[in-house]
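Q: Could you walk me through this one, bit by bit?

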Amino acid sequence: MSKENDLIDEFNIIAKFFTPLTKNASGTFGLLEDAAVLPPISPQQEWVVTVDAIICNVHFLPNDPIELIARKALRVNLSDLAAMGATPYGYTLTIALRKNLPDSQCLLKKVSNGLTIDQAEFGIHLIGGDTVSTNGPMTLAITAFGIVHKGKLLRRSAAMPGQDLWISGTIGDGAFGLKVAKGMLSKQYLELVDRYRLPQPRISLGCRLSGIAAAVIDVSDGLIRDAQHIANQSNCRLVIDGSALPISESVSCIIADRSEMLKLILTGGDDYELLFTAAPDAITQIQQASYELEIPITRIGWVDSGKGVDVLDYNGTKLNLLAESGWSHF
Ligand SMILES: Nc1ncnc2c1ncn2[C@@H]1O[C@H](COP(=O)(O)OP(=O)(O)OP(=O)(O)O)[C@@H](O)[C@H]1O
Ligand SMILES: Cc1ncc(C[n+]2csc(CCOP(=O)(O)O)c2C)c(N)n1
Ligand SMILES: [Mg+2]
């Protein structure tokens, strides 16, 4: 078979680029069967499963480095596992590429290289997937499997009035990074593009929050939109203190120049930080976790009775910017 035919044969692609990512784990069968088998887990543990697709020009830009696109596809899923308090086990990968791409071999090598790096970082392996052609944009869909101890699962529905509202890391970097990548903001803020391209799933924090936090969600669609999910699932009102939001130095500089951009911090999305509620007496454990994991964690509000999400400004006045509260696909 010629080299060119190698490229279009999906089975060669799988053997060359994807089988090594299984690390020969039991039940993956060298990616030569119709499906994979997940190992039995103990009566004290449960599987946690999530799937997210990322699509060119919807979730990433055509010029983003391929290695980082692949890692982002994995990381947005790991972020959902983190929000459930789960430890990642493995993942399946579906990849849709344009037919007859001149450099598909090279592109797939980069996908595999990127995934190899993150497999090592997060201690996981490939379980299976699908490799298909498309007339549309490049798409990567990952299903991630995690394991959680029974009783340790974190949910969106456990917020109660009187609890505090916390967030990890800084918010707004991803959304502002997208603007820099699109040339809409100065290149002096290039490190924000890195945050957009390579989110940091808060796996260690998610595991640590079991027993400390009440309701937990990861912020993918925007702080207000994802806070609304906690409020809705928990039947309570979340109040966000706009003056307490943790923002990076770069975002703070941008905002100082253009105050209308404050809204982007609250609604932009692409943060992949953990937003959670906790009883007031959990503060010492939260600060200890923050210190040990070297992840900033900031109290940004509280839980009240009622519905929905309110954001207060520096004077404690309710902001009226919620018509569009986050990313929406439709
Ligand atoms: N097409 C679908 N079929 C079945 N379940 C779905 C479908 N779309 C979404 N869901 C489920 O709905 C729930 C909420 O989905 P949503 O996409 O809002 O959450 P998320 O994955 O945390 O957000 P994001 O996609 O921004 O990461 C998830 O449990 C998801 O599995
Ligand atoms: C090129 C480009 N344009 C816009 C955005 C913003 N964006 C797209 S989907 C999404 C929410 C999470 O996705 P999902 O809900 O599908 O998991 C966000 C914030 C981006 N990341 N890249
Ligand atoms: Mg999520």
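Q: Why does D34 count as exposed?
A: In this predicted model, D34 counts as exposed because it has 6 C-beta neighbours inside 10 Å; a residue is exposed with 12 or fewer other C-beta atoms within 10 Å of its own, buried with 20 or more, and partly exposed in between, with C-beta atoms placed from the backbone. Local features need pLDDT of at least 70, side-chain atom pairs count only at pLDDT 80 or more, and totals for chains, interfaces and linings use all residues; residues are numbered from 1 along each chain as its sequence is written, while chains are lettered from A and ligands numbered from 1 in the order in which they are written.

Q: And where does D34 lie?
A: D34 is in the loop between α2 (10-18) and β1, where helices (H or I, at least four residues) and strands (E, at least two) are DSSP runs numbered from the N terminus.

Q: What about T50, which class does that fall into?
A: T50, in strand β1, counts as partly exposed because it has 19 C-beta neighbours inside 10 Å.

Q: Which residues does T50 touch?
A: Leaving aside residues up to four places away in sequence, T50 touches N77, D80, L81 and A144, contact being C-beta atoms, placed from the backbone, within 7 Å.

Q: Switching to the sheet, what is the strand order?
A: The order is β1-β4-β2-β3 in an open sheet of 4 strands with mixed pairing, where two strands pair if DSSP finds at least two bridges between them. β1 (45-55) and β3 (125-134) are the edge strands, each pairing on one side only.

Q: How many bridges join β1 to β4?
A: 11 bridges join these antiparallel strands, and W47 stands opposite I147 in β4.

Methods: Two residues are in contact if their C-beta atoms, placed from the backbone, lie within 7 Å.
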